[in-house]
Amino acid sequence: FFFSPAEFVKSATDFSMIPENTMIPEVAFVGRSNIGKSSLINGLVNRNGLVKTSSKPGHTRMMNFFKLGDKLSLVDMPGYGWRSRDEWGGMIISYLQNRKNLRRIYILVDPSHGLKESDTQIMKLLDSSGLSYQVVLTKMDRLSKTKYSTAKAEIEAELVKGAICCFPLVLGVSSKTKDGLDELRAAIVKAGQL
Ligand code: GDP
């Protein structure tokens with residue numbers, strides 16, 4: 001499967017450091033700090049340590065670009081809340097509005113906590129820019145099947161109410177048990193039309 005090997009390309013702390021636009025389809029991952037984003041990207045590409053995980057919330061302070069051969073580019077965005085929201089927004093808005101090869105943004109949400117204001121804010125931003133996004137529920141292993149289904153249904157009901165450019169399928173993953181990773185890989189392949 002071409003999800004491995006993955007290579008680190010570059011880190012960027014502001015818009016000027018972002019790698020040039022290429023024709024390679026790109027997908028980006030966003031979410032609140034500590035949502036399980038680093039673990040998920042490592043799990044997706046089967047390479048522990050590609051994205052540095054940290055127990056310290058908000059440790060990842062930059063956008064990290066990775067590529068899987070010349071087929072796909074993955075972007076690890078800074079967790080929301082590591083700086084003021086406005087500052088986070090500045091770099092991200094410039095990136096989102098200028099990235100021609102960006103095919104989808106994956107918004108990671110903890111099903112135990114549900115959608116937070118920071119999640120709905122980024123969704124509004126993506127809706128207003130016409131950018132396709134999809135919600136991925138992380139750390140599925142922490143909830144019983146019943147609790148997970150209830151949490152997912154509540155989140156889906158909220159999305160139906162307000163989200164415009166949201167892909168109408170909420171995925172669930174566990175980086176710990178690897179559940180859902182294949183479905184997410186398949187969704188990414190489709191989003192990138194690879
Ligand atoms: P990030 O800040 O969003 O990059 O989050 P990390 O990937 O560093 O994960 C934050 C914390 O959640 C760490 O303690 C991880 O071990 C834990 N974690 C991440 N993914 C999972 C998961 O699928 N299941 C469980 N139980 N814990 C997870």
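The model is predicted, and local features are reported at pLDDT of at least 70, side-chain atom pairs only at pLDDT 80 or more, while totals for chains, interfaces and linings use all residues. Residues are numbered from 1 along each chain as its sequence is written, and side-chain values rest on heavy atoms, with hydrogens and water left out.

The chain holds five helices and seven strands, taken as DSSP runs numbered from the N terminus (helices H or I, at least four residues; strands E, at least two). Their order along the sequence is β-β-α-β-β-α-β-α-β-α-β-α. Of the 194 residues in the chain, 50% are buried, where buried means under 20% relative accessible area, exposed over 50%, and partly exposed in between (1.4 Å probe, protein chains only). Among contacts (heavy atoms within 4.5 Å) with a separation of 6 or more, 74% join residues 24 or more positions apart. The accessible surface of the chain is about 9800 Å², and carbon and sulfur atoms contribute 52% of it; areas follow the Shrake-Rupley method with a 1.4 Å probe, and for residues only the protein chains shown count as cover.

Next comes the ligand. It is surrounded by 14 residues, the closest being K37, S38, S39, D141 and S175; a residue is included if one of its heavy atoms lies within 4 Å of the molecule. By class, this shell comprises eight polar residues, five charged residues and one nonpolar residue. Here Ala, Val, Leu, Ile, Met, Phe, Trp, Tyr, Cys and Pro count as nonpolar, Asp, Glu, Lys and Arg as charged, and the others, Gly among them, as polar. A polar side-chain atom of S39 is 2.6 Å from a ligand oxygen. Backbone atoms contribute too: a polar one of N34 lies 2.9 Å from an oxygen of the ligand, and a backbone N or O atom of G36 lies 3.0 Å from a ligand oxygen. The protein buries 79% of the 580 Å² that the ligand exposes when taken alone.

Q134 belongs to strand β6 (residues 133-137) and is buried, its relative accessible area being 0%. Its side chain reaches the backbone oxygen of L169 at 2.9 Å. Beyond residues up to four places away in sequence, Q134 touches R104, I105, Y106, I107, F167, L169, L171 and A187. A187, in helix α5 (residues 181-191), counts as buried because its relative accessibility is 14%. The C-alpha atoms of A187 and Q134 are 9.3 Å apart, across 53 residues of sequence. Elsewhere, V45 lies in helix α1 (residues 37-45) and is buried at 1% relative accessibility; its C-alpha atom is 7.0 Å from that of P5, 40 residues apart along the chain.

Finally, the cysteines. The whole structure contains zero disulfides, the criterion being a pair of cysteine sulfur atoms within 2.5 Å. C166 is buried at a relative accessible area of 14%.

How values were computed. A polar contact is a pair of N or O atoms within 3.5 Å; within protein, one must be able to donate a hydrogen and the other to accept it, and residues adjacent in sequence count only if both atoms are side-chain atoms.
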